[in-house]
Amino acid sequence: MRLVLLGPPGSGKGTQASLLKDRLNVAHISTGDLLRAAVAAETDLGKIAKATMDAGELVSDELVLQLLEDRLGEPDAANGYILDGYPRNLAQAEALDGLLERLNQTIDHALALIVDQEQIVHRLARRSAEQGRSDDSEEVVRHRLTVYSEQTAPVAAYYDRKGLLTNIDGMGTIEEINERLVKALGH
Ligand code: B4P
């Protein structure tokens, strides 16, 4: 099974994807995690990405597509995957379709987590205090939310037009939300 998990920063995509991947026995592919690993390893790509990420902006489509293409070629992706944080704008959604066509693959479902803005700011403030992620300050989180509504929200409509989108209530406990996702997938 190949899934796209959509939702604003702090909607719980990463949390839910790591639960679902065990349930579905597929790979969890987070472009945010791939980028953070590149930053930590100080690769050329990581050095370019760092300032963009710290400002809450999107890293260039070309760089992220290359990262994704490399990751999809790894053996654990052969059985299916959950894309977490990709696609992030319409250009990426179209690039993904092109890549999947070349790989002779299709997306089975797109699931969008719906969470209200104040809950997001609250969750990410807590993560900032616990983990100190450099893009979780309140000011950068609010900017990431603006980037989300301008660039990423249209991606949900893109998958809706293809008949693949299901909206999931992302408020509640992690377990409750996980149950809703599993039910939507018919598992
Ligand atoms: P990401 O790592 O994807 O960050 P995000 O969308 O902001 O998601 P995040 O991980 O914060 O949220 P999650 O929903 O898991 O991207 C970071 C940056 O990388 C971007 O700003 C951009 O610069 C770059 N980037 C990534 N992908 C890109 C792309 N495709 N193109 C260009 N640039 C890209 O939130 C989880 C938090 O909420 C956790 O702290 C968790 O504990 C908490 N939580 C989860 N569920 C909860 C619940 N039910 N109740 C309470 N708390 C909960």
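Q: What is the relative accessible area of L90?
A: This is a predicted model, in which local features need pLDDT of at least 70, side-chain atom pairs count only at pLDDT 80 or more, and totals for chains, interfaces and linings use all residues. Residues are numbered from 1 along each chain as its sequence is written, and side-chain values use heavy atoms, with hydrogens and water left out. L90 has its place in helix 5; helices (H or I, at least four residues) and strands (E, at least two) are DSSP runs, numbered from the N terminus. Buried means under 20% relative accessible area, exposed over 50% and partly exposed in between (1.4 Å probe, protein chains only), and L90 is partly exposed, at 34%.

Q: Which residues are in contact with L90, leaving aside its neighbours within four places in sequence?
A: Contact means heavy atoms within 4.5 Å. With those neighbours left aside, the contacts of L90 are Q151, P154, V155 and Y158.

Q: At what angle do the axes of helix 4 and helix 5 cross?
A: Axes are lines fitted to C-alpha atoms, for helices over the stretch in contact, and angles run from 0 to 180 degrees between N-to-C directions. The axes of helix 4 and helix 5 (residues 90-103) come within 11 Å of each other. Their crossing angle is roughly 30 degrees.

Q: Which term describes the direction of helix 4 relative to helix 5?
A: Angles under 35 degrees count as roughly parallel, over 145 as roughly antiparallel, 65 to 115 as roughly perpendicular and the rest as oblique. The axes of these two helices cross at roughly 30 degrees, so helix 4 and helix 5 are roughly parallel.

Q: Which residues of helix 5 make the contact with helix 4?
A: Helix 4 contributes D61, L65, L68, E69 and L72. From helix 5 come A91, Q92, A95, L96, L99, R102 and L103.

Q: Why is strand 1 largely enclosed by the rest of the structure?
A: Strand 1 (residues 2-6) is joined to strand 3 (residues 81-84) by four bridges, and four bridges also pair it with strand 4 (residues 109-114) in the parallel sense. Strand 1 is largely enclosed because, of its five residues, the number buried is four.

Q: Which residue of strand 4 stands opposite V4?
A: In strand 3, V4 faces L83, while L3 has I82 as its bridge partner. In strand 4, L3 is bridged to H109, and V4 stands opposite A110.

Q: How many bridges pair strand 4 with strand 5?
A: I114 has D169 as its bridge partner in strand 5. The two strands run in the parallel sense, and their bridges number five.

Terms used. Pairing = 2+ DSSP bridges.
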